[in-house]
Amino acid sequence: MSLNRVMTAAVAMLAALSVAGAASLILLTTFLHRTTESMGSSVEGVRLAEALQVDLLSLFRLSDSLLRIPADSSRSFEAIESNLRLHLDEARHNAWSPEEQALLAEAERTISGYLLARESVAQLPPEQAARQLGPRLEVALAALDRLVAFNVNEARTIQLQADRWDQLANIGGICVAALLVLGGGALLWWLRHSVFRPLLDMSRAMRRFGAGRKRTRAPEAGPLELRDMARTFNEMANSLARQQEEQLTFLAGVAHDLRNPLSALKMSAALVTSGRPIPEERMQKTMALVRRQVARLDRMVGDLLDATSIEAGRFELSLEERDARELATSVVELYQAGGSSHDLRLQVPEEPVLLSCDAMRVEQVLHNLVSNALKYSQGSSRVDVIVAREGEEAVLSVVDRGIGISNEELRTLFTPFRRTGPARDKAPGVGLGLSVARRIVEAHGGRIEVESRPGVGSTFRVRLPRAHAAVQPARPGDATPSPADTVH
Ligand code: ADP
């Protein structure tokens with residue numbers, strides 16, 4: 001399971017619940033507003049119908065002299081009638097449903113009938129007038145009663161509806177709260193068990209590793225991202241452990257390889273400073289030995305320094321335009337002059353092979369390849385150094401008929417400090433020359449290819465862009481190893 005997916009789902013669920021909650025809140029408040037309005041209108045309808053009834057009764061009482069109730073002098077007949085008309089107007093405005101409007105219209109009709117009848121009986125004796133008006137008043141009051149009953153009914157229906165919505169809102173609210181609590185709890189539980197625990201384990205493993213327990217590895221558990229992180233840490237720890245092992249092997253190798261020339265130098269120095277007369281020929285041999293051992297030491301220290309500056313990214317090239325033929329010739333001549341027992345041959349084309357390069361560094365590469373070819377082949381065997389043009393590239397090849405390299409060894413040939421089995425016993429070295437050579441060639445925008453068969457020999461080909469096709473040089477530290485470097 002991926003942490004990203006779980007968190008996205010949790011946030012989406014939370015957002016959906018919030019949106020649903022907000023939407024239902026808006027709906028509920030709108031409904032509540034409407035309910036309050038309808039309820040208010042029903043109550044108002046009841047009030048107005050009752051006010052109309054009071055107005056009618058007041059009118060009747062005013063004209064009923066038989067009841068012997070003295071008429072209210074302050075409330076004249078006209079005032080009550082205008083009050084009644086005002087209440088009728090208000091009732092008309094308040095009635096919104098067709099049913100209520102119909103009931104009101106009927107009540108209005110009966111009230112008008114009563115008012116008209118009252119005018120027509122004005123000249124009659126009071127008893128007779130009261131007898132004629134009584135039934136009309138009853139009819140008008142009954143119509144108003146129906147209006148009251150209708151509004152009371154409406155109010156009850158609205159209240160029932162509001163109750164139902166209230167229940168629904170309660171259930172909805174409880175469900176949303178329960179979902180939130182359950183979802184939040186589940187998320188917390190999952191985070192605790194599947195995220196925090198593996199995280200703690202990983203941080204514990206990192207602390208232990210940092211404290212020097214190099215065998216500690218982080219458990220690959222939990223969501224995808226944490227498993228990836230643990231895997232990356234474990235790979236890094238493996239690589240660090242491997243590097244440490246390689247460095248130890250390298251240190252042991254360097255100490256071993258430095259010891260041989262140093263013992264030779266020590267013995268030579270002891271001979272020279274012994275005070276005994278040394279024959280000229282012996283002296284010459286001793287000095288030649290000293291020179292060889294010093295050169296070997298020089299090369300080893302040079303390789304070490306180059307490798308260090310490449311790793312630290314402090315490796316700069318000073319480019320100039322040079323002919324590859326010249327560079328190859330100077331290297332070959334140096335080895336030929338050094339009295340090599342090998343049959344060292346140089347093949348160059350007639351036309352120049354121009355390179356935009358750091359001449360010293362390219363010579364260093366050739367030195368390394370030629371010295372390896374000599375080191376890892378029989379004393380009298382042939383070694384060819386060939387310069388050629390292939391399309392936009394200059395190809396500098398060193399071909400030997402030596403011990404060769406197995407397919408398995410070819411894979412790690414350019415890895416710093418790696419020395420292959422038979423070579424390690426045959427010749428001294430620190431296993432840095434080829435890795436330095438590859439970085440130099442890559443910094444020139446080129447590559448090294450190798451073809452080799454154990455017992456038959458090896459061909460190392462350096463491919464560099466020719467001067468007019470040269471690319472911008474890259475910093476050696478930036479160069480990425482390419483599997484195409486080795487061709488079997
Ligand atoms: P060094 O020669 O100092 O050990 P290099 O980096 O130059 O370091 O070479 C790395 C390893 O590659 C050597 O130890 C040797 O095993 C192998 N190697 C290089 N060149 C040849 C060759 N021409 N023939 C056989 N093996 C070679």
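Glutamate 154 has its place in helix α4, and in this predicted model that residue touches Ser42 and Trp96 once residues up to four places away in sequence are set aside.

**Glutamate 100 and its surroundings**
- Glutamate 100 is buried and yet has no salt bridge, since the nearest side chain of opposite charge, that of arginine 47, is 12 Å away, whereas a salt bridge is counted within 4 Å.
- Leaving aside neighbours within four places in sequence, glutamate 100 is in contact with Gly45, Asn94, Ala95, Leu147, Phe150 and Asn151.

**The course of helix α4**
- Helix α4 runs over residues 126-210, a stretch of 85 residues, and reaches 117 Å from its first C-alpha to its last, which is close to the 126 Å expected at 1.5 Å a residue.
- At arginine 192, helix α4 bends by about 35 degrees.
- Helix α4 is followed by glycine 212, a residue with a positive phi near 110 degrees.

- Glutamate 154 and glutamate 449 are 295 residues apart along the chain, and their C-alpha atoms are separated by 97 Å.

Conventions
Residues numbered from 1 in each chain as written. Predicted model: local features only at pLDDT ≥ 70, side-chain atom pairs only at ≥ 80, totals over all residues. Heavy atoms only, no water. Buried < 20%, exposed > 50% of the residue type's maximum accessible area, 1.4 Å probe, protein only. Lys, Arg positive; Asp, Glu negative; His and termini not counted. Contact = heavy atoms within 4.5 Å. Helix = DSSP H or I, 4+ residues; strand = E, 2+ residues; numbered from the N terminus. Expected span 1.5 Å × (residues − 1). Bend = angle between axes of the 7 residues up to and from the residue.
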